[in-house]
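This briefing covers a few side-chain contacts and their surroundings.

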Amino acid sequence: MLSRIVIVSARALKGSGPLGAGLVQASRSLHTSSQSLAPVPALPETGGKVRHGIFPEELFQLLYPKTGVTGPYMLGTGLLVYMLSKEIYVINHETLSAASIGAVIVYCVKKYGPSVAAFADKLNEDKMAMAQEVKDLSISSLTEAIENEKKEQWRVDGRSVLFDAKRNNVAMQLETNYRERLHIVTHEVKRRLDYQVALQDLHRRMAQEHMINWVEKSVVGSITSQQEKESIAKCITDLKALAKTTQAKATA
């Protein structure tokens, strides 16, 4: 039965070539349109509620306001009866095979479903933990990069202050160098002026000494022996008179 449905569906699609191409083109345009840029909704961690293993709860909630509680069951029963009466669905050996396979599947799900679900949940948790670890590492690295970028921006902002300080340092060095050279020039000028003053003092002193020696030599040369004797006698007389005067003052 299932193979028959597949064959019929394949023939229908083969017969509707333009329609199939249009559907493919529409699907391509849908995936390449701006709607593909929309945020993807988060996947639910658990499946929705179902009834009887395969029927979603939303179907019953959709039919309840119009058909009541028994509406979904009556709809399913009516569809099944309609398909059987119109021989849309024919019961044959494939039906028995499908029922047997369904029973095996239900048994396996009931028997091994919880353990398989626990194993799958464990794998999912491991994957989620690994993804969370990668996410945390990425967040930490990006946070560190942001902090480094802020630090670099702060350094760039402080670069003007640093350049001003460097300019001031260069200006102070130039001023210090200028004052050092000015002091050297002043010292050299003072040393040369002192040399000139000392040289003039030396010339003056030598001239004075030469003049004194010349005057002394001239005076000594002009004094005769008689004048020398008279001068010595007068000096002795002056000394005696001075001595008497001193003794008189002492006794008084």
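Arg 51 sits over the face of Phe 60, 4.5 Å from the ring centre. The model is predicted. Phe 60 also takes part in an aromatic pair, and Arg 51 is also in contact with Glu 57.

**The aromatic pair**
- A search of the whole structure gives one aromatic pair.
- Its members are Phe 60 and Tyr 73, in a tilted arrangement with 5.5 Å centre to centre and 50 degrees between the planes.
- Phe 60 belongs to helix H3 and Tyr 73 to helix H4 (residues 71-85), so the pair ties together parts that are 13 residues apart in sequence.

**Burial of the two rings**
- Phe 60 has a relative accessibility of 4% and therefore counts as buried, the cut-off being under 20%.
- Tyr 73 counts as partly exposed because its relative accessibility is 37%, which falls between the limits of 20% and 50%.

**Glu 57**
- Helix H3 (residues 57-67) contains Glu 57.
- With a relative accessible area of 16%, Glu 57 is buried.
- The side chain of Glu 57 makes a polar contact of 2.8 Å with the side chain of Gln 61.
- When neighbours within four places in sequence are set aside, Glu 57 is in contact with Lys 49, Val 50 and Arg 51.

Technical notes
Residues are numbered from 1 along each chain as its sequence is written. This is a predicted model: local features need pLDDT of at least 70, side-chain atom pairs count only at pLDDT 80 or more; totals for chains, interfaces and linings use all residues. Side-chain values use heavy atoms; hydrogens and water are left out. Helices (H or I, at least four residues) and strands (E, at least two) are DSSP runs, numbered from the N terminus. Buried means under 20% relative accessible area, exposed over 50%, partly exposed in between (1.4 Å probe, protein chains only). A polar contact is a pair of N or O atoms within 3.5 Å; within protein, one must be able to donate a hydrogen and the other to accept it, and residues adjacent in sequence count only if both atoms are side-chain atoms. Contact means heavy atoms within 4.5 Å. Rings of Phe, Tyr and Trp (its six-membered ring) pair if their centres lie within 6.5 Å; planes under 30 degrees apart count as stacked, over 60 as edge-to-face and the rest as tilted. A charge sits over a ring if NZ of Lys or CZ of Arg is within 6 Å of the ring centre and within 35 degrees of the ring normal.
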